[in-house]
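Trainee: I would like to learn how to read a model like this one. Could you walk me through the features, one at a time?

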Amino acid sequence: MLKIYMLLLFVMLMWGFNVSAIKVLVNSIDPILLTSFRVFTAGMMVLMICYVMGIFRIPYKHEWLTIFYIAIFNVILHHSFVAIGLEMTSGINGGLILGMMPLVTVLMAFIVLRERISLLRTVGFILGFTGVVITTLAGASGLAAVSSGDVFVFLGVVVQGFSFMLISKLKPTFDPRLATGYMLVLGSIMIFLLSQLFGARILEMSNLFDWKLLAVFLFSAIFATAFGHMTYNYAIKKVGPVESAIFINLNTLFAVTGASIFLNESIKVNHVMGFLFILCGVFIGTGALEQLVRNRKRETE
């Protein structure tokens, strides 16, 4: 179990810095076109790793349908929404909104898996949502302060939270790491077709001839997307979607730190307040506080 937790910590670091990486890339390349190439590269890398690990196999006919409908939410919609959103909002805002993932995951567990949500967890939801409101509204002109980019990033959070529920229901006979590879490749093809539908020019990918942009692209595709999603989806099967989601707290912290370091974005008071509300909301909403209280009671008995 410690090994999985350490891997999750490393994944959160990469995912946090990946917010800045995508922000840099979408400034030079159409976000949907970029996403298709980035996700395809990640998917092929995952499949190669699975082959080396000896877990590669061709899915059965009935498994293709499962892979496809999970890919719609986990790959096509999630990656497209986040890439489009980060083109229109700041890296810090995007990172903080992505911090809502654990709460959305718990909410999806309640809706899809029928898991019980206590009054305390409900308070956590309210705190987390308040944090997002503070992040996106404070310091500007009320509702006008909410950019369409913020909305797209939040939609990306919602669809991925739902996809985690679908992944948790994968049959034990199909390794989630291998499923991740197929989902990424299949999803990338659909995203590419979508980019062409919206008139994206493939020649924009020639911008990657710049070695700095290429390095950022490879980090985002291979480390953050391929290794990150492969590891996280594996963790969901091992420790469950809710416990895995708790680590998203660190993703938020690394995303804000990365935006400050790599994008030279300033961290404002409302960002700090929003982060604290989201942090408290996740700690309470995911049941971590309840578990801590139960452990304390056992120790005193």
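Mentor: Gladly. From the N terminus on, the elements of the protein chain run α-α-α-α-α-α-α-α-α-α-α-α-α. That comes to 13 helices and zero strands, where helices (H or I, at least four residues) and strands (E, at least two) are DSSP runs numbered from the N terminus. This is a predicted model, in which local features need pLDDT of at least 70 and side-chain atom pairs count only at pLDDT 80 or more, while totals for chains, interfaces and linings use all residues. Residues are numbered from 1 along each chain as its sequence is written, and side-chain values use heavy atoms, with hydrogens and water left out.

Trainee: What share of the residues of the protein chain count as buried?

Mentor: Buried means under 20% relative accessible area, exposed means over 50%, and partly exposed is in between (1.4 Å probe, protein chains only). Of the 301 residues, 51% count as buried. The accessible surface of the chain comes to about 14,000 Å², and 72% of it belongs to carbon and sulfur atoms; such areas come from the Shrake-Rupley method with a 1.4 Å probe, and for residues only the protein chains shown count as cover.

Trainee: Take M45 as a case. Is M45 buried or exposed, or partly exposed?

Mentor: M45 lies in helix 2 (residues 31-53) and is partly exposed, because its relative accessible area is 23%. Contact means heavy atoms within 4.5 Å. Leaving aside neighbours within four places in sequence, M45 is in contact with I222 and A226. M45 and A221 are 176 residues apart in sequence, yet 8.8 Å apart in space, C-alpha to C-alpha. For the chain, among contacts between residues at least 6 apart in sequence, 89% join residues at least 24 apart.

Trainee: Which residues form a nonpolar patch on the surface?

Mentor: Patches are made of residues with over 30% relative accessible area and no salt bridge; like charges are joined within 9 Å, nonpolar side chains (Val, Leu, Ile, Met, Phe, Trp, Tyr) within 5 Å. A salt bridge is a side-chain nitrogen of Lys or Arg within 4 Å of a carboxyl oxygen of Asp or Glu. Here F40, M44, M48, L65, F68, Y69, I189, M190 and L193 form the patch, with about 830 Å² of accessible area together. Helix 2, helix 3 (61-88) and helix 8 (176-197) each give two or more residues to it.

Trainee: How many disulfides does the structure hold?

Mentor: A disulfide is a covalent bond between the sulfur atoms of two cysteines. With the cut-off for the sulfur pair at within 2.5 Å, the structure holds zero disulfides. As for cysteines, C50 counts as buried at 0% relative accessibility, and C280 as partly exposed at 40%.

Trainee: And how do I read aromatic pairs?

Mentor: A pair of aromatic rings is described by the distance of the centres and the angle of the planes. Rings of Phe, Tyr and Trp (its six-membered ring) pair if their centres lie within 6.5 Å; planes under 30 degrees apart count as stacked, over 60 as edge-to-face and the rest as tilted. A search of the whole structure finds ten such pairs. The rings of F81 and F152 have centres 5.9 Å apart and planes at 40 degrees, so this pair is tilted. It links distant parts of the chain, with F81 in helix 3 and F152 in helix 7 (residues 148-168), 71 residues apart.
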